[in-house]
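Subject: Model handover

Hello,

Here is the structure you asked about. My notes follow below it.

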Amino acid sequence: MNFKTFLAFAAVSAIALTGSAWAESVKIGFNAPLTGFAAADGKSALTGAELAVEQANAEGGINGKTIELVVYDDGAKPDQAVPAAKKLIGQDGVKIGISGSYSGSTRAAAQVFQDASVPYISAYAIHPDITRSGKYVFRTSFMGEVQGRAGAKLAGEMLGAKKVVLITLQNDFGKSLAAGFKSKAADFGVSVVNEYQYSIKDRQFGPIVSKVRADNPDAIYASGYFFTAGPLVKQLRARGVKAPIIGQEGYDSDKFIDIAGPAAEGVIITTSLDRDSKKPETMNFIKSFEAKAGFGADMVAASAHTAVKVAVAAMRKAGTDDPAAIRDAIAATRNLAVSTGSISFNGLGEVTKAVQNQVVKGGKWRHHSVIDDPALLAPPSE
Amino acid sequence: MLFIDLLVQGLIQGSSYALIAVGLTLVYGLLRILHVAHAGLFTLGAYIAVVVTNTLGSFWLAAVIAPPIVGLAGMLVYRLLYEPILDQPPFVPLIASIGLFICMEEGFRLIFGPYGNSFDEAPFSASLSFGPVYMQGVEAATVVIAFVLLGALAVLAARTRLGTAWRASVTDPQMAQSFGIDIVKVRYLNFFIGSALAAVAGVLVALLNNFVEPTLGSVPSYKMLAIIVLGGLGNVKGTLVAALALGVLESFGTIYAGHLIDRDAIAFLFLIIVLMVRPQGFFGKA
């Protein structure tokens, strides 16, 4: 054997060896918006998912096999999510997929996973139709309507507001929150005096602020993400609107406080992550995430972390690569302790867990209260 | 009183539109290019305001250097992007401009991160009240600054030799050149002034929102096109009127038609209606 043949032989065996090492890993698919308008949430979600994979691998992976996260950018767009889902299933051969993306792209990808009979978990996309794609699709976050109902209880029962103005983001997130809020408002003695809508591109709310000031409500229920809610809250307070503001998990980021500044003080949100939690899973997540990301944990990161943990727990329990067995193991999840609480699923694949209310105090998200009312928070089961 | 409040909010929004749209209409008037990337320069102005303030600790320094830096960036865009393709049909520079705009958005994301930037300590959080009207100091400043700068631009164009040269180049570039006007210099000046004004708008919007993100320019990139068409392409006075009218219309539209129509769609609905009645825009020549 001359030297050149030896080199070629060495190279081939090296490739073969790496190949066999790869076979010892289990692939989890992940789609998230890493470019475009939702790139900030995509980055948080990806970091949260990576953290969950690192932690699971440190615990020995899945029955001795290393977990590998296969990531595709979907730009939060359905037309990018479908090819991403197809690549994950067909080319990468993932046994389970996780969406770290918004509703539009998650809905589109969910159908692809369902058609291929591969389990798929939506980490924080809220559209009701996602889990209706079929029995392979699950969701580990609250549906918009469920969170809206919790908002009504917070406004009426806990804050004692009678007259509430709704400022609604014109997308599936905002609309389903508003629908949930309105469905239970009367039960908690709340009347919705006006509702204003804005688009996800809006950052300047001058006219809405003028009208809300004229309405003079007891409380404001404003749906949005940190990048719309930050400027909105800042502008409301800068123009003298003093009514309590209730938000939701879309606000749940330190960025919201950076943008709104002192105006953020006292804003209360319904979300899944309790910053002051004494539960070891949550405390550990918050600490490890900050160390890994270099910025504070948020709802999106915690939700992606949760979804990966649910997937890993199910794959360990299933003990096989068979997607149908993994699917059954996810469906059978009961009271799994993760960073966003204790996870169980109903028959539709919707999560049941308590709502964590957080308030901004001293420039930080802090514990406000918990809503743990199974009847109020029951997601649809079909 | 709500009526006055909404009217004032419309004028504030309109003033900020006017500052951005003027640069676009100036470029169109001179070169017949739809300069979509102008919205990227507006975003650059906003980023300079936030990043310089946070690193060097002086908002005033940031506010003073942002317009000239963005002005120079505008000149570079002309030199590197448009000048080599001036003899191409108009859709070529338009596509190049859209391409540059997308590159700028992704560039901002790569350099400044996807999360967007805010002032560490938001400057000027004071509010003013005039009877029933209660506004942020920055909102009042937006209106005043827009009127002063655009007024100065009008004087420059009407009363100075430079302005005469510029107007001559717009009307008949070849004739202007044969009279010894350096039309290349005029074009550079044009890009400098237009881009610097967009930077001023960027600084003001950064203050107003306390939030600058890579896609800050995406709405202006197309809404400004509606404004300059409404104003009669290339017509500065028409652009100002269109910007203010649209600001006011959006202000009332958001409140009274917000459940029917998206705020950004109002601009285009307004555009379609105006073009049906006056195809040349408010002040365009028939």
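First, a definition for what follows: two residues are in contact if their C-beta atoms, placed from the backbone, lie within 7 Å. This is a predicted model, in which local features need pLDDT of at least 70, side-chain atom pairs count only at pLDDT 80 or more, and totals for chains, interfaces and linings use all residues. Residues are numbered from 1 along each chain as its sequence is written, while chains are lettered from A and ligands numbered from 1 in the order in which they are written.

Some more terms. Helices (H or I, at least four residues) and strands (E, at least two) are DSSP runs, numbered from the N terminus. Two strands pair if DSSP finds at least two bridges between them. Axes are lines fitted to C-alpha atoms, for helices over the stretch in contact, and angles run from 0 to 180 degrees between N-to-C directions.

The parallel sheet in chain A

Five strands of chain A make an open sheet, in the order E2-E1-E3-E4-E5, with parallel pairing. Strand E2 (66–73) and strand E5 (137–139) of chain A are at the edges; each has a single partner strand, so one side of each has no neighbour in the sheet. From one strand to the next, the twist averages 25°. Strand E1 (25–32) of chain A pairs with E2(A) in the parallel sense over 8 bridges. Within that pair, Ile28(A) stands opposite Leu69(A).

Helix H4 (103–115) of chain A lies across E1, E3 (96–99), E4 (120–122) and E5 of chain A. It runs at about 165° to E4(A).

H4(A) also packs with helix H3 (78–91) of chain A, at an angle of about 35° and with the axes 8 Å apart. By class, the contact has 10 nonpolar, 3 polar and 1 charged residues. Here Ala, Val, Leu, Ile, Met, Phe, Trp, Tyr, Cys and Pro count as nonpolar, Asp, Glu, Lys and Arg as charged, and the others, Gly among them, as polar.

The antiparallel sheet in chain A

An open sheet of 3 strands has the order E11-E12-E13 in chain A, with antiparallel pairing. Its edge strands are E11 (336–338) and E13 (351–352) of chain A, each pairing on one side only. E11(A) and E12(A) pair over 3 bridges, and 2 residues lie between them in a hairpin. Leu336(A) has Ile343(A) as its bridge partner in E12(A). Strand E12 (341–345) of chain A pairs with E13(A) over 2 bridges. There, Ser344(A) stands opposite Thr352(A). The hairpin of E12(A) and E13(A) has 5 residues between the strands, and Gly349(A) takes a positive phi near 90°. Helix H11 (299–318) of chain A lies across E11 and E12 of chain A, at about 145° to E11(A).

The contact between the chains

Chain B gives 34 residues to the contact and chain A gives 31. On the side of chain B that touches chain A, H1(B) gives the most, with 6 residues. That side has 12 nonpolar, 15 polar and 7 charged residues.

Best wishes
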